[in-house]
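Please read the report below alongside the sequence and the coordinates.

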Amino acid sequence: MKITSNFDSGNIDIVSIDANEGDIKLKIRRDTHSEFFQWFHFRLSGALGQTCTLSLLNAGESSYPKGWEGYQACASYDREEWFRIPTTFENGVLQIRFTPVHDAVYFAYFAPYSYERHLDLVHQAQQSDQVRMEIIGETYEGRPIEMLIAGLPDDSKKKIWIIARQHPGESMTEWFMEGLLERLLNTDDPVARKLLQEACFYIIPNMNIDGAIAGNLRASASGVNLNREWETPSLEKSPEVYHTLRKMDETGVDLMLDVHGDEVLPYNFISASEGIPGYNDYIRNLERKFIEHWMDISPDFQDTYKYELDKPGEANLTICTNQVAQRFGCPAYTIEMPFKDNADMPDELYGWSDNRSAILGASVLNPILFVLKDLK
Ligand SMILES: [Zn+2]
């Protein structure tokens, strides 16, 4: 019986393995140079037919212990299909009971999105004659940061920015981007065609490549939370944000989406910029329009369960969407998807999943088109 996590986005420490009893004690590793931890991803082999109890002993001390309440872990034999398995959280320990029917099985916090798949995504997208790929800079560890420009840039066009995965463990965000890109580049889709005629999209599918490979939940390789770096990004510590913001200053921004996952709430929702000093009727009205239209066309999206609103003038301007909304006077939304499931439309077998994230990503093009003509 063997546990390994020595691969792309792997994360687990072994405490003990009792092969006879199938009793496996584990701990989640902290993010690189950081106190955050919650993401796990590892492989169990040599346990065919044996009922195993996998105990993640430090789950109760993780960044979001409430994230384990009502949570079911993800497992996969073929690394394609990720299904949910019985999981409990008691006395600070997350316990997974499972009897493998094949020789080796993967476990993860959510369906992983690998660096190889990320590279496939951007390289396939660049083959569209509507797309250019630009390397806007390098990550802390020196990996290229890819930006896709979809729809040929033109001064008369609206500038729409969409970024994802500032928090690397929120792998659903890159599944969302995959679904979004696939639809946006589908030349048979009338919504996509209209959008590319009238807007230019600046898309960064993975803002935190180093952290994703390292198996981090929230931190980059330098140990910072990129979504608290937007007021004063540093080339040394947060080059990912530094280069992105510099690029935004160059292009301008008319609408911005930042895609995230939420550990606790079992819903899809938006968090907007109501607390920024520059909040006004223009931004407020567009926000209502966007949210209501998205609810109309996707039953997976709702606006009842969400974060508490910021009080006027009390927004944290180190957060991406607050900074962007304030800086460019434009609507900017943080989109949150669940790690657990959408409680309005639960799916016992898969929970919230890679596929559902991709479908939600494709659906967001409708509200973008709906508000496009009202963007200043
Ligand atoms: Zn996040």
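In this predicted model, the second largest pocket has a volume of about 360 Å³. Its lining is made up of 15 residues, among which R79, W82, P112, Y113 and S114 are the closest to the centre of the pocket. Sorted by class, the lining of the second largest pocket holds 6 nonpolar, 3 polar and 6 charged residues. Because domain 1 (2-108) and domain 2 (115-372) both give residues to this lining, the second largest pocket lies between them.

The largest pocket has a volume of about 650 Å³, and 32 residues line it, with S271, Y307, I319, T334 and E336 lying nearest its centre. At least two residues of this lining are supplied by each of strand 15 (255-262), strand 16 (269-271), helix 6 (281-297), helix 7 (320-328) and strand 17 (332-338). By class, the residues that line the largest pocket are 10 nonpolar, 9 polar and 13 charged.

| Pocket | Volume | Lining residues by class |
|---|---|---|
| Largest pocket | about 650 Å³ | 10 nonpolar, 9 polar, 13 charged |
| Second largest pocket | about 360 Å³ | 6 nonpolar, 3 polar, 6 charged |

As for the domains, the chain is divided into domain 1 (2-108) and domain 2 (115-372), and the centres of domain 1 and domain 2, taken over C-alpha atoms, are separated by 29 Å. Between them, 26 residues of domain 1 are in contact with 27 residues of domain 2.

The largest nonpolar core has 108 residues, and those with the most contacts inside this core are F40, F107, I162, F176, F201 and I368. Helix 2 (residues 172-184) contributes 7 residues, which is the largest share of this core. At least three residues of this core come from each of domain 1 (2-108) and domain 2 (115-372).

Which residues are in contact with F201, leaving aside its neighbours within four places in sequence? The contacts of F201, with those neighbours left aside, are L148, I149, A150, I160, I162, L184, L195, L196 and I368. I162 and I368, both in this list, are also among the residues with the most contacts inside the largest nonpolar core.

I368 also belongs to the buried residues of helix 9, where L365, N366, P367, V371 and L372 are buried as well. Helix 9 (residues 365-372) is accordingly mostly covered, with 6 of its 8 residues buried.

Terms used:
Residues are numbered from 1 along each chain as its sequence is written. This is a predicted model: local features need pLDDT of at least 70, side-chain atom pairs count only at pLDDT 80 or more; totals for chains, interfaces and linings use all residues. Side-chain values use heavy atoms; hydrogens and water are left out. On a 1 Å grid over the protein atoms alone, a cavity is a set of points where a 1.4 Å probe fits but cannot get out, and a pocket is an open set with protein on both sides within 12 Å along at least five of seven lines; lining residues have an atom within 4 Å of a point. Grid points are joined across faces, edges and corners, and a volume is the space filled by probe spheres set on the points. Helices (H or I, at least four residues) and strands (E, at least two) are DSSP runs, numbered from the N terminus. Ala, Val, Leu, Ile, Met, Phe, Trp, Tyr, Cys and Pro count as nonpolar, Asp, Glu, Lys and Arg as charged, and the others, Gly among them, as polar. Domain bounds come from an automatic or database domain assignment. A nonpolar core is a set of buried Ala, Val, Leu, Ile, Met, Phe, Trp, Tyr and Cys residues joined through side-chain atoms within 4.5 Å. Buried means under 20% relative accessible area, exposed over 50%, partly exposed in between (1.4 Å probe, protein chains only). Contact means heavy atoms within 4.5 Å.
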